[in-house]
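Please look at the sequence and the model first, and then read the sections in order.

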Amino acid sequence: MDNSIQTLEAAAQMLMAPPNLVTSEQRHHAERVFMELRSTKNPYQLCREVLEKSSSDYVLFEAAGLLKTALIREWNLLNENDISSLREYLLNYLMRKEPPLFLREKLLQTIAVIIKRGSINDTGRDRKALLTELEKIILSSPIGQQKLACALIQAIMQEYAITVKSSDVGLTWEVHIWLKKTFEATDLKRIFRFTVGVLEQIVRSGVRPEGDNAILTKQLLTIVETILCWSHVTLLSKRLTRTLETIYESDGPRALRLNHNWRDTIMKPELIALFFEIHLHVRSNTDLANPSLTCLVQLASLTGVVVSMGNLKQQYFENYVNHFMRMLSMIQPFDREMLGIADIYQRLVQFFTPPMIAASPPAFLQNLTTYTCHCIRGSIIEEGINDDTVWRESFNKFLNTWCSLVHDSDGFTNDQLMTPCIEVFNTYLQCRLAPPDGTRGAEVNDGCNDDIKDDVQEDERQLHSNVLMTIGAMARKAPAHCCHVLYSLLTERSKRLESLLQLCMGKQDTSVGEQLILLFEDLHWILMITGHTIAVDVLEGETVMIPQEILQYSVSENADVGASLRYLVGESTNTENVDPIIKLIAEILRTGEYERAALEAGLGYAFSPELSATLSWLLKIWANSYVMQQSSEYGAVLESAFGVGSQGSVWSIRRLTRRASAVLRHMSSQPIAATHATLLLATLAHNRRKEGTLDIWEEFLSLVAWEAAGSKLPGSVRKELHRAFAIAATYAEGEARSRLLTSTVALTEKLQNILTMASDTEPIYILADTLECFIGITEGVHEVGTVDEQFVMLIAALDKIPGILFKYHNYPNVVLSALNLLTKSAKRMLHSVQQQNAIKFLEVCNTTFEVYMRWNSGKISSIPQCAEEEAYEDVCALMDLICAIASCGTEHPVGDTCARGLRLLLPMITQSLLALPTLAHSAYRMLKNLDHHELLTVLPVELFNMVVTALRVGLTAVSCDVSTLCCDTIVGIANKVRTLGSDNPYAMSLLSLAELLLMLIIKMEIPPDTIPSAGAAIYALTCVKPALLEGLARQLIEAYTVNDPGNVPRLEEAFGILTDGVLFDGMRTHKIRFQDNFDKFLANVHGFLIVK
């Protein structure tokens, strides 16, 4: 035996030695030594000797692993005494030695496996005895043994929890679930009670845990945390899938759902009090505070049958909140503690009713307000230094709580929320403003004083939108205060802006530049907050009304219409009896005018592009909500100022258009400012749909001429500008429409000139940008009704796409833009054009497919698995084009064109395609769309067979998206071929998928989230041939008769359950019944067939 150990240690030295000290042959010999060790039968005595005598960590690790593996492998060959002896030895070994952590964990896991595996026969007798022994050790033994006992309890719980950390012990899921349920019923609550009792003793001792005591306390807290995060068997899905293994790995802590057996424990008022005492006792130690806070968070989410009787939920909530408030009154939370407190608030609001929340003590709302304001300050500093995210995470959780509170109609009243909302609003605003009104930049190195022109990595308006939407909703709870504050700040800052810009005229003053930087940042935040307060940001073209609170506030002020309108247009500066919303809007418009004047005076270099973008964004969402809208709730002032047909609305649109035009002309080199200006123009074009006179389109016509003459705008901005032109041309009439359409004419001429240039390389980027501009036009055309006139103008460009692909096939950006233009044209216009134009468009697509195939056939058949997405963007674009053509249905002869595209693309759908997730998803989404438009079953049979082959490949994908798309496509095709009879070639080809699909389901080789769609596919296929499922069941049972005869009766019973009471006629009632049966069938079959 000693020689064996020496041999193992020598082999370990060879394996662990640097490559330059051992030969390849020596290393291979050492590997063979350990391969032989792992296959050793009955190795228990050898492993004991190794554990006692070896000093090599590698050998010890291998011996511990072999012990566990052999135990699982040879369990049925060992007698009860041998197993008991081994368990006692391992526990004794751990008690008398201090092995390395890796070895201790492996041996503890082995003991836990013995306990779990043995409980099948002894119904948990040994487990109970061991728990009793461990409890005694924890209560009276030395600290080292106490820690070991806790670690063993954790290992036992881990084995019964059925997670990815649980051992694969060769049991069926059915047995795993039964063991878990038994453990929950008999020992889980016992462990909880005992552990909580020990923690109570630690708290009552009054001694702060340190050193080994802190480690022991953390182990105890982790045990309790695990129990409070436990997913109980009765709450698991009916389907026993591998999703069980990821319960704790993916979702984090779930709600605390307990059955009625826990009522006598969890509903004790003193239990909640104890958990808050525990946290107060350990909160100064980070390692202990984290699990302690998690316990409190979980207790804040108690729900289910345990609190379903009478007013138990109300009692529990009141008790919890009272102790929560008591704890908060005693502490000044640490930074790391704030995230847990925010979680508790969020859980309470999520799991208890609004009336309960509203009836909580005043301190509930007061503390929420205080901590939210505290997190605002911390999060702003974090933004600047980019160090940690704890404050931002806490702030976002508090905002989620506020979002629920301000939108719950049966919770807190407006009067109750007004003061807290004002405090949060004021704090956020102050933190975003520079001194003296605010505190931005007051902290050392907080980075908040940087110029917003330089430090923005992504669109600021999008980056902060979620936070600002909630701040805006809170501001609307106190509109009088918040609108007045915003108006005052904006008035003062806009006047200062005017003054500083005037000082910039003709001289370069460094101090003025520094003042402008601070002022730009202030205005940027004031405008963003104002925008989310007075309006709601939505997608362009989506109509949204003025927020109800703003309307009610405006109406309640009962302002004078004439005075308000005069103030709006600048005829008067007297604010007496002026509507407060009009005052705020007027200042916004004046700020825009100051900007326009500065740009036209040549001060574009001095103006912040971020501020310009923010101003455009605000004017866009304001115009979308206020201008040219019709509502009986608007009140006299807003209706007169901005309603349909009002002079105020026409005046506003003209002013906004002039400002947007100035930004484009003078800030063309600033993409962020120019982009938002074009988005504003598109919104204004929508709003002019009820005003068709020539003069209202004057600025648009001027921009058309400017762009045609050769603007210096970036390509992406030009695309958006042409989209705005197309929208405007749709709504304009007569001469205005004709002149707006000249933008398309000029672009067509430009395209022709590029294509006729002698050089092939010079115009490449210009060509790609020009094609993108045509895409902008097609997107704009979609915003309206009939488009044949514009389509006729566009077809001249579309007709050139095959030639462009032929000539520029080596330039990916040109190819991609050309294919995207075809796709957008199909989506946007094919529905509404005349028949001859549609035929012409489809001819262009057919030719494009042929040209693409000529130059890219090799690419389609052999895309490397390591390819980046950019390498096959054009292939995805082709798939999108086929989908777009298919979406036109049977109104035009699109079937032949789609068939051409499929013939080009289907050969690439092979097993290797699944290694490219984006491309695979595009391919199967294309098939799903073609099926949706009933184009697959009209394909030639040989092409349809290629579709079925592609579906066969997709069903084996590990991607839930791909396999689900395949199942949904099978359902759609099956519903169509069912009407053709089961012996037609389409049905016969499709039915060949049934056996594969059923085996994938039964063997759990299909993603768990796909299983409902897979069940629907099995039902749909059986509807095509009602005898199908019976035949498949017979095949499966015959296979098991040979390999696993013991499970044959259970399989027969399971298939009987599957078809019980179901008719395969496609009726919704029978579909639902089959799906219910299917869930029971899987729970049954997976339980006794699948082994873990």
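## Charge and overall build

The chain carries 98 positive and 126 negative side chains, and the centres of these two sets are 4 Å apart. In this count Lys and Arg are positive and Asp and Glu negative, while His and the chain ends are not counted. The place of each charge is taken as NZ of Lys, CZ of Arg, CG of Asp or CD of Glu. The model is a predicted one, in which local features need pLDDT of at least 70 and side-chain atom pairs count only at pLDDT 80 or more, whereas totals for chains, interfaces and linings use all residues. Residues are numbered from 1 along each chain as its sequence is written, and side-chain values use heavy atoms, with hydrogens and water left out.

The chain contains 50 helices and 0 strands; helices (H or I, at least four residues) and strands (E, at least two) are DSSP runs, numbered from the N terminus. Along the principal axes, the C-alpha atoms fill a box of roughly 100 × 75 × 70 Å. Of the 1092 residues, 56% are buried. Buried means under 20% relative accessible area, exposed means over 50%, and partly exposed lies in between (1.4 Å probe, protein chains only). The accessible surface of the chain is about 45200 Å², and 51% of this surface belongs to carbon and sulfur atoms. Such areas come from the Shrake-Rupley method with a 1.4 Å probe; for residues, only the protein chains shown count as cover.

## Contacts across the sequence

A contact means heavy atoms within 4.5 Å. Among contacts between residues at least 6 apart in sequence, 75% join residues at least 24 apart.

T401 is found in helix α19 (residues 390-407) and is buried, with a relative accessible area of 1%. Leaving aside neighbours within four places in sequence, T401 is in contact with Y345, Q346, V349 and L368. G643 is found in the loop between α29 (635-642) and α30 (647-666), and G643 is buried, at 0% relative accessible area. Not counting residues up to four places away in sequence, G643 touches M628, Q629, L638 and S649. From C-alpha to C-alpha, G643 and Y626 are 7.6 Å apart in space, although they are 17 residues apart in sequence.

## Salt bridges

Side chains of opposite charge can pair when their charged atoms come close. A salt bridge is a side-chain nitrogen of Lys or Arg within 4 Å of a carboxyl oxygen of Asp or Glu. The whole structure has 44 salt bridges. One of them joins R127 and D187, with the closest N and O atoms 2.4 Å apart. R127 lies in helix α7 and D187 in helix α9 (residues 173-205), so this pair ties together parts that are 60 residues apart in sequence. R127 is buried at 2% relative accessible area, and D187 is buried at 0%.

R283 forms a salt bridge with E337, at 2.7 Å between the closest N and O atoms. Because R283 lies in the loop between α13 (269-282) and α14 (286-299) and E337 in helix α16 (residues 335-351), the pair ties together parts that are 54 residues apart in sequence. Both R283 and E337 are buried. A further salt bridge links D931 and K976 (3.2 Å, N to O). D931 is in helix α42 (residues 917-932) and K976 in helix α44 (residues 960-977), so parts that are 45 residues apart in sequence are tied together. D931 is buried, at 4% relative accessible area, whereas K976 is partly exposed, at 22%.

## Backbone features in loops

Most residues other than glycine have a negative phi, and most peptide bonds are trans. T123, however, has a positive phi, near 50°, and is placed in the loop between α6 (101-122) and α7 (125-140). T123 is exposed, at 52% relative accessibility. N558 likewise has a positive phi near 50°; N558 is found in the loop between α25 (548-557) and α26 (561-569) and is exposed at 64%.

A cis peptide bond, with omega about 10°, joins P435 and P436. P436 is placed in the loop between α20 (414-432) and α21 (460-463).
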